[in-house]
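Dear colleague,

Please find below the structure that I am handing over to you. My notes on it follow directly after.

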Amino acid sequence: MRSEKINWKLLIVVTILVILVMNLSQVVSIIQTLWGAISSLVFGAMLAFVINLIMRPIEEQLSKSKAKFIQKAKRSISLLVSIVIVIAVLAGLVWLVVPSLIDAGEVMAKVVPKYFEQGQDFFNRLFKNNPDLVDTINSFNINWKEVTDKFMGFLSSGVSGALGNAVGVVGTIVSSVVNTIIVIIFAIYVLLDKQRFVNLYHRACNLWLKPETKAQITQALNIIYGSFSSFICGQCLEAFILGSTCALGMFILHLPYPLMIGTLVGVINIIPMIGAYIGGAIGMFMVFTVSPWLSVVFLIYLCILQQFESNVIYPRVVGRSVGLPGIYVMITVVVGGSLAGVAGMFLGIPIMASVYKIVKIYFKEAEDRKQMHSKEEEEENVQPSAE
């Protein structure tokens, strides 16, 4: 009877899989429709998870207070303080980065034509004995005023086209604003009523699951929560250390835009593996607007700093906190990036860390059971001979 039940279950699963594969386009369409309906709630839950990392220790500190008002409103107070901290950090990042980017863009618009002309003069002197090549070099004569006018005309035509389709633009803006508001409101509701969800989970498990099954699921959920929280905290700490070190080194080397580039390198470094290189490329471009030679100095310094970060900072801060071997980190980043881009690289590491820890626990328990079973068999074999 046991084998027949297993066969029937297997047959049902295989049948469902075959039906899904044969109707793959319809299944994908249903999934896309479902994702469109719940995406705001999913993003809200993700935002709530991140804010809860700040809110939880604040709430624990407020719980130690003996004031009745604080005890009653500790969750609301901790949530409000957490939101203020998040807004302050985002505003600080924008204040550090955006003005410097605008200044660098204006400088770049002025210095690029000058560097182009200097490059032409250099190659003219270098190949002065080859008139044909000199004529070819001089033929690359760019009218920068015309380029600027065309660019501004393109912008104006784009704006006029957008205004001509004002209904669609307004609809897109309104939809984005509404979705953002839904995400924020849902995150606030989740954080204010998080204990309700915890109690609902325990009631459902006690109602439908065995104690052993509930214990295993709870252990897995704790592992997943620990992996994600450790990864996010580790990435933020590592980004702060790298950004501060980059800015300090640029101050010492008298390189331009130290605060802006240090902040940019640190923030973009949250993207695993490739983030520092993206931030470094943008930073080199910014330094180049001031001096090409200083941009080379910055590149050499950042390469040295990146090696220090990869071999010393990242393994100690993020690697230890997540508990995932380096080879699995690289595999996860490559596969996750191919499947889901930056989001796959970012979320793949804590997901892989959770799977790795759960599988490791499963193997350990299976090995212990096997060893115990072997000892029991040995004891049974020894007893008759002793008699």
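Helices here are DSSP runs of H or I with at least four residues, strands are runs of E with at least two, and both are numbered from the N terminus. This is a predicted model, in which local features need pLDDT of at least 70 and side-chain atom pairs count only at pLDDT 80 or more, while totals for chains, interfaces and linings use all residues. Residues are numbered from 1 along each chain as its sequence is written, and side-chain values use heavy atoms, with hydrogens and water left out.

Overall composition

The protein has twelve helices and zero strands. Read from the N terminus, the order of elements is α-α-α-α-α-α-α-α-α-α-α-α. Of the 387 residues in the protein, 25% are buried. In these notes, buried means under 20% relative accessible area, exposed means over 50%, and partly exposed lies in between (1.4 Å probe, protein chains only).

Loops around α9

Tyr257 lies in the loop between α8 and α9, and its phi is near 55°, a positive value in a residue other than glycine. His254 is also found in the loop between α8 (211-252) and α9 (258-268). Although His254 is not a glycine, it has a positive phi of about 60°. With a relative accessible area of 68%, His254 is exposed.

Within helix α9 itself sits Ile261, which counts as buried because its relative accessibility is 0%. Ile261 and Val287 are 26 residues apart in sequence, and their C-alpha atoms are 9.0 Å apart in space.

Val290 belongs to the loop between α10 (275-288) and α11 (292-322). Its relative accessibility of 44% makes Val290 partly exposed. A separation of 9.2 Å is found between the C-alpha atoms of Val290 and Leu255, which are 35 residues apart along the chain.

Helix α2

Helix α2 covers residues 24-63 and bends by about 55° at Ile38. The bend at a residue is the angle between axes fitted to the seven residues ending there and the seven starting there. Buried residues in α2 include Ser39, Ser40, Gly44, Ala48, Ile51 and Asn52. Leu53, Met55, Ile58, Glu59 and Leu62 are also among the buried residues of this helix.

Salt bridges

A salt bridge is taken as a side-chain nitrogen of Lys or Arg within 4 Å of a carboxyl oxygen of Asp or Glu. By this rule the count comes to five salt bridges. In general terms, side chains of opposite charge can pair when their charged atoms come close.

One of these bridges joins the side chains of Arg56 and Glu60, at 3.8 Å from N to O. Both Arg56 and Glu60 lie in helix α2, four residues apart, or about one turn of the helix. An α-helix has 3.6 residues a turn, so residues three or four places apart point the same way. Arg56 is partly exposed at 40% relative accessibility, and Glu60 is partly exposed at 44%.

Which partner does Glu59 meet in a salt bridge? The side chain of Glu59 pairs with that of Arg75, at 3.0 Å from N to O. Glu59 lies in helix α2 and Arg75 in helix α3 (residues 68-126), so the pair ties together parts that are 16 residues apart in sequence. Glu59 counts as buried because its relative accessibility is 9%, whereas Arg75, with a relative accessible area of 22%, is partly exposed.

Asp193 forms a salt bridge with Arg196, their closest N and O atoms being 3.9 Å apart. Asp193 is partly exposed at 29% relative accessibility, and Arg196 is exposed with a relative accessible area of 56%. Elsewhere, salt bridges that share partners join Glu59, Arg75 and Lys194 into one network.

A negative surface patch

Glu376, Glu377, Glu378, Glu379 and Glu380 form a negative surface patch. Patches are made of residues with over 30% relative accessible area and no salt bridge, with like charges joined within 9 Å and nonpolar side chains (Val, Leu, Ile, Met, Phe, Trp, Tyr) within 5 Å. Accessible areas come from the Shrake-Rupley method with a 1.4 Å probe, and for residues only the protein chains shown count as cover. Lys and Arg count as positive and Asp and Glu as negative, while His and the chain ends are not counted. The place of a charge is taken as NZ of Lys, CZ of Arg, CG of Asp or CD of Glu. Glu376 lies in helix α12, which covers residues 326-386, and at 40% relative accessibility Glu376 is partly exposed.

With kind regards
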